[in-house]
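Take a moment with the sequence and the model before reading on. Then follow the chain step by step.

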Amino acid sequence: MLEVIYIVRHGYRSNWAVDPQTGTYSSSVRTPTGIPSDPALASYGVRQSHQLATHLLSLDPCPDILYSSPYYRCLQTLAPYVDQLAEHKGEQGVRVTIEPGLGEFYGEARFEHPSPAGLEELNKHFSHLHAEVEPTIVPAKNGESITNLHDRVAYCLDALISRADKDPQQPKAILICTHAAAIIAMGRCLTGRMPGEIGEEDFRCFTCGVSTFQRRSRNDERMESEGSEVREKWSPNQSSKIPDLGWRDGSGVQGGWQCEKDSDCSFLENGEERGWNFYMEKQRIERLEAEAAAAAETTQSKAEETAAAHSGIV
């Protein structure tokens, strides 16, 4: 039975930009996969990933199963650790499973957000990758509300934990590499603690920080009852309709988990860096909307001036 979940945020990355009016994404440096919102780690982030690898090798219990968001920066963050594992276990003894349900959070929009690269493309850059034929859940192409993000993450975690519990190899710990927003949502889903204010800074998510969640003790009768429950299935035909697993009342996903370490960065040379919360996302959206409104107003004024000039008024 699964006992521990380790959650890691990717390292310090390069940046990208998006035009909120057109939905056009751009990056100052070409990304390895050719997708503007799929940048590589910055050189500093690569350094962090090597420090992370050393720390992950010291974990007890050690991770038996590795999961990652399909974005390049997450797989690159795990790469030094995976390479060292391969040296110890052999090439066939290591596997990183790509799970779209652990992917980046994009807010709701009128346009479609970029999708991450597929397994064929990612195999050109990383080894030891695996993907299930049918992903657990895939984020909606037009983005998500913050509520939907939490439900998507809860649904994904529920499936991964259930899969581990049923594994005849009896894994004790899994490791997940993902993104800031997903990490905060995961902390809430696992513990069952949903704050009244969505922007509350309850769970932290520093670059390459490691959060540790220990399973709450459960009696055999309750475990058997929960294991026999029939879950409503998510359908790609209705991507924004995500089953509610009832974790918000303090129950948490799959019986609930206790946060033992919250984005631990004690092993990183510069400690905690680039923290994030949903309030910062709200401020970013408000700034983009203000900039877009100002640009639209300028365009409208120029159009009116041009029309007036052509009519002979000015």
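Where is Pro61 found? The model is predicted, and in it Pro61 sits in the loop between helix H1 (43–56) and E4. The peptide bond that leads from Asp60 to Pro61 is cis, with omega near 5°. Most peptide bonds are trans, and most residues other than glycine have a negative phi.

Two glutamines also have a backbone worth a look. Gln170 has a phi near 55°, a positive value in a residue that is not glycine. It belongs to the loop between H4 and E7. Is Gln170 buried or exposed? Its relative accessibility is 54%, so it counts as exposed. Gln254 is not a glycine either, and its phi is positive, about 50°. Look for Gln254 in the loop between helix H6 (220–227) and E9. Gln254 counts as buried because its relative accessible area is 12%, and the cut-off for buried is under 20%.

Now turn to the sheet. It is open and has 7 strands, in the order E6-E5-E4-E7-E1-E8-E9. The pairing is mixed. Strands of a sheet pair through backbone hydrogen bonds, either parallel or antiparallel. Which strands form the edges? They are strand E6 (129–131) and E9, and each pairs on one side only. From one strand to the next, the twist averages 25°.

Zoom in on one pair of strands. E4 and strand E5 (residues 96–98) run parallel, joined by 3 bridges. Leu66 has Val96 in E5 as its bridge partner.

Helices pack against this sheet. Helix H2 (residues 72–89) touches E1, E4, E5, E6 and E7. The direction of H2 makes about 160° with that of E4. H5 lies across E1, E7, strand E8 (210–215) and E9. H5 runs at about 160° to E1.

Rings come next. The structure holds 6 aromatic pairs. One of them is Tyr72 with Phe126, a tilted pair at 4.8 Å centre to centre and 55° between the planes. This pair links distant parts of the chain, 54 residues apart. Tyr72 is in helix H2, and Phe126 is in the loop between helix H3 (119–122) and E6. Tyr72 and Phe126 are both buried.

Phe203 and Phe213 form another tilted pair, 6.2 Å centre to centre with 45° between the planes. Phe203 lies in the loop between H5 and E8, and Phe213 lies in strand E8, so the pair ties together parts 10 residues apart in sequence. Phe203 counts as buried, at 4% relative accessibility. Phe213 is buried as well, at 2%.

Phe105, Trp276 and Phe278 are linked by ring pairs into a cluster. Arg274 lies over the face of Tyr12, 4.5 Å from the ring centre.

Conventions
Residues are numbered from 1 along each chain as its sequence is written. This is a predicted model: local features need pLDDT of at least 70, side-chain atom pairs count only at pLDDT 80 or more; totals for chains, interfaces and linings use all residues. Side-chain values use heavy atoms; hydrogens and water are left out. Helices (H or I, at least four residues) and strands (E, at least two) are DSSP runs, numbered from the N terminus. Buried means under 20% relative accessible area, exposed over 50%, partly exposed in between (1.4 Å probe, protein chains only). Two strands pair if DSSP finds at least two bridges between them. Axes are lines fitted to C-alpha atoms, for helices over the stretch in contact, and angles run from 0 to 180 degrees between N-to-C directions. Contact means heavy atoms within 4.5 Å. Rings of Phe, Tyr and Trp (its six-membered ring) pair if their centres lie within 6.5 Å; planes under 30 degrees apart count as stacked, over 60 as edge-to-face and the rest as tilted. A charge sits over a ring if NZ of Lys or CZ of Arg is within 6 Å of the ring centre and within 35 degrees of the ring normal.
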